[in-house]
Amino acid sequence: MLQPTNGCLQHNGSVDQPSSSSTVNGSATGNGDGQEQSISCNIKGRSSQEIVRLIGQHLKLIGLNQTAEVLMQESGCRLEHPAATQFRHHVMDGEWHKVNADLNELQALVGNSCQYFSDMKFLICEQKYLEYLEDGKVLDALHVLRNELTPLQHNIDKVHILSSYMMCSGRDELMKRANWEGKGHKSRTLLMDMIQQFLPPHIMLPPKRLHMLLTQAVELQRNQCLFHNTTFDDSIETVSLLTDHKCSLEQIPCETVQILTEHCDEVWFCRFSPNGKKLATGSKDASIIIYDVDPETLTVEQSITLDGHSYGVSYLSWSPDGELLMACGPEDCPDLWVWNVSTGVLRLKLSHSSDDSLTACSWHKDGQKFVCGGIRGQFYQCDLDGAVLDSWEGVRVNCLWCRSDGKTVLAADTRQRIRSYNFDELSDQNLIQEDHPIMSFTVNKTDRLALLNVVSQGVHLWDLQDKCLVRKFQGVTQGHFSIHSCFGGVNHDFIASGSEDNKVYLWHIKHELPIATLTGHTRAVTCVSWNPVYHQMLASVSDDCTVRIWGPAAKYRKQKSNKSEVKVLANACLSYSNKTSCYSIHNISSLVQFMIYYATFRYILKDHDKNRIYCNINYK
């Protein structure tokens, strides 16, 4: 029986010729009677030997077979066990009558350390069955199905599916239904990749092992980076392996890009639309302002103003499709508004009783229903026409959130807790219990983590599934004002919150201390919103009547074009005229051209005539 030798040849560096019973892959093999030759590895240390094997495997993967052979010969290491090499060659050549014998040899070699030989046999028989069907050898395929696959008593459901392929009319239908690459090198390589995962690494390395380790290393560095805020690329081809991954604080929203002053009173709330292309702000001045987002420059431009909220606007909620915007007022407000943002038309004004207090709202994921409530005990579920579909009596609501299951509603109430309500089943349960009032909360995109703003405590992170407190974020000043925090970044790895000390705080979700403190507001910052699509963009609103747009440092963002610059000219004309002559140049399209021509005119005309140069500019 062949014995494992930790992936190394036990000889002095020379390579023995393979016997007829096995095939080498840059390594010496056993002789015909299966006895291992006594040879030694030139590389000392297990980690160094394994590195050599990983490099050898990668060299073969990229087609440098001879280089891999030289490496194995010089190091005295073995890429894989000779029995595994022989098995690989027979699989890739489609010599199925030899593959079974190889598999039995591997099973005897491994012993009881591998429990997956049934899986391996099944995969091999499946490949053989499909190849026979593709070749039109129906009887051979039927024989494999009845006498090899079925007796394994393994994955019976898959066997039934395989049997249905007997009815395929041809090769194309078979490949489509089986989601199979067809007979040949590609499908057999995929087969070997699956089989390699079942064998111990001292017998055969897992597929693309070096590539996998490097990918894991890059991903680990990204996960540990406090400032990483770009989309993960699973490929390592886009990064350098020669340096460590490192992002800068300047790459996250840390600088003021814009200060918006359209509101004339305290601004209480802000929220980006689900597609990230609009920003809505609500104010004490009884108006909502909708801004259009420029994703290139990370700036906004005022679009429409929605007036008539006599109590002011303290909360906003976008419908899932971004077409409708729901607005609530402060504590004394009995009304709720639903606006069509595209047209600026009021779709619905909900007001059941002057005694109501509708201060919180949230949309169900289908956008056809919403919930609303307030601290006077109102808690309604309504349709788009304002009809109350269900109600829950006696729940004094501070904040609401509809979960992604389309049924469950989370409500923070005046008893310092968050409860889960199911209107379909008329059931409720306690999820979170705090020691102080919960002024507001939000839930991340995985629907598992909740971010709470708690009176005198600041910002708390809770796990809704495990019903446990995960982290208390430090720094923020939270009294009895309604402060709204948010998740942000590509993978919701960041936390942002306003504060009563006039600052915006940013944290990484894994760290309690702030990674950045943004200053600029002169009164309490009541709400922040991180753009859900353009992740380098953050908005904050304050009692100082302003809205601030935050972005990365200037070198990481595009600058906004300015019409006062000649570079945006669609057509420009320089001309000179007097009583005897006229010169002109048209269609100047860049600042450089303009300056060159202007200087040329001044030089030609000398000092006494230079004031007769005229410039005609037509903007885009």
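Predicted model: local features only at pLDDT ≥ 70, side-chain atom pairs only at ≥ 80, totals over all residues.
Local features here need pLDDT of at least 70 and side-chain atom pairs count only at pLDDT 80 or more, while totals for chains, interfaces and linings use all residues. Residues are numbered from 1 along each chain as its sequence is written, and side-chain values use heavy atoms, with hydrogens and water left out.

**View A. Asparagine 179 and its positive phi.** Most residues other than glycine have a negative phi. Asparagine 179 isn't a glycine, yet its phi is about 50 degrees. You'll find asparagine 179 in the loop between helix H8 (171-178) and helix H9 (185-196); helices are DSSP runs of H or I, at least four residues, and strands are runs of E, at least two, numbered from the N terminus. With 74% relative accessibility, asparagine 179 is exposed (exposed is over 50% relative accessible area, buried is under 20%, and partly exposed is in between, using a 1.4 Å probe and protein chains only).

**View B. Cysteine 545, another non-glycine with a positive phi.** Here phi is about 75 degrees. Cysteine 545 sits in the loop between strand E27 (538-542) and strand E28 (547-551), and it's partly exposed at 23% relative accessible area.

**View C. Cysteine 372, in no disulfide.** The structure holds zero disulfides, a disulfide being a pair of cysteine sulfur atoms within 2.5 Å. For cysteine 372, the nearest cysteine sulfur belongs to cysteine 382, 4.4 Å away. Cysteine 372 is buried, at 0% relative accessibility.

**View D. Cysteine 527 and its closest cysteine sulfur.** That sulfur is in cysteine 270, and at 4.0 Å it's too far for a bond. Cysteine 527 is buried, with 0% relative accessibility.
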